[in-house]
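Trainee: I would like a close look at one part of this protein, the sheet. Please set it in the context of the whole chain.

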Amino acid sequence: MVHAGDAPSLRNRGQSYAAGKAWTPMNATEHDIDILLKLQEVDRRVASAQKEFDALPHRKAILEVRAKRDEVFKKKVQVQDLFDDAEGRLAALVQEDEQLSQKQDEITALLAEVQGDYRAVTAQTRELDGVRKRRDRVMLETGQVEEEVNRISPVMKQIMQALDALDEKEADLVKSFQKTGGSLRAVIAKGEEMGSDLRSQLDVELLRVYEQTQGRCGAVAVARLEDDACGACRANFDQSRMSKIRSQAPIAVCPACGRLLVV
């Protein structure tokens, strides 16, 4: 097998093959293979961390909490509208009662002034009766609206407590997600940086073949030949196929699974 020191540098080697025979994986050195296997290991760690990150339950739980909060918030808006309407009507009734009370006092004072004037007394008495009747109706309506407000208030309190609980749950989930997801993102970022450095050390053609194989075969694109079998798919080869595989050394293609095979 060819050693790294016996061949031109990767960049120089690319130029030498450009002038003659095209570079193929069979021209790889032990240094190339070492970088390739390291790259595969890094890519597998990144893929594993990314898969774990994507599968974190926190993200789904956070979305579910937010969806629930949206539902509760819509209910809050509806109840708040009812509450505001009831309080508005209650305030209007209280204000009207105050005005009626003032009107009643004014009529009572006027009655004292017109004593002896039958027509004036009759007119003011009739008006006073009307004010009293209206106050009675206002007091009745006020009691009904107060009951309505008292029914709505506990519901609003429950809704606000539910929103506070959902906010707290979301904050806890986000904090946990940032802690767990942050660790995985750090692994991914470090792996991507290492992968980029390793890729820069590989011949462009070898990297292209590796990435194409990775696209077809998944995380394991490179396997070692173990006795007469592929270290990845475990397919055994007869002597005829073994002769062909060895003729492609140091990197062949597994005739069973299509992975790159280190001979």
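Mentor: Start with the contacts. Of those in the protein with a separation of 6 or more, 71% join residues 24 or more positions apart. This is a predicted model, so keep that in mind throughout.

Now the overall form. A compact globule of 263 residues would have a radius of gyration near 18 Å, whereas the protein has 43 Å. The C-alpha trace spans about 135 × 40 × 25 Å along its principal axes. Buried residues make up 32% of the 263. The accessible surface comes to about 16,400 Å². Carbon and sulfur atoms hold 51% of that surface. As for charge, there are 40 positive and 44 negative side chains. The centres of these two sets lie 7 Å apart.

Next, where the strands fall. The protein has six helices and four strands. Along the sequence the pattern reads α-α-α-α-α-β-β-α-β-β.

The four strands form an open sheet, ordered S2-S1-S4-S3. Its pairing is mixed. Strand S2 (229–230) and strand S3 (251–253) are the edge strands, and each pairs on one side only.

Look closely at the S1 and S4 pair. Strand S1 covers residues 222–226, and strand S4 covers residues 260–262. The two pair in the parallel sense, over three bridges. Within this pair, Arg224 stands opposite Val262 in S4.

Methods:
Residues are numbered from 1 along each chain as its sequence is written. This is a predicted model: local features need pLDDT of at least 70, side-chain atom pairs count only at pLDDT 80 or more; totals for chains, interfaces and linings use all residues. Side-chain values use heavy atoms; hydrogens and water are left out. The radius of gyration is taken over C-alpha atoms; the globule rule is 2.2 Å times the number of residues to the power 0.38. Buried means under 20% relative accessible area, exposed over 50%, partly exposed in between (1.4 Å probe, protein chains only). Contact means heavy atoms within 4.5 Å. Accessible areas come from the Shrake-Rupley method with a 1.4 Å probe; for residues, only the protein chains shown count as cover. Lys and Arg count as positive and Asp and Glu as negative; His and the chain ends are not counted. The place of a charge is taken as NZ of Lys, CZ of Arg, CG of Asp or CD of Glu. Two strands pair if DSSP finds at least two bridges between them.
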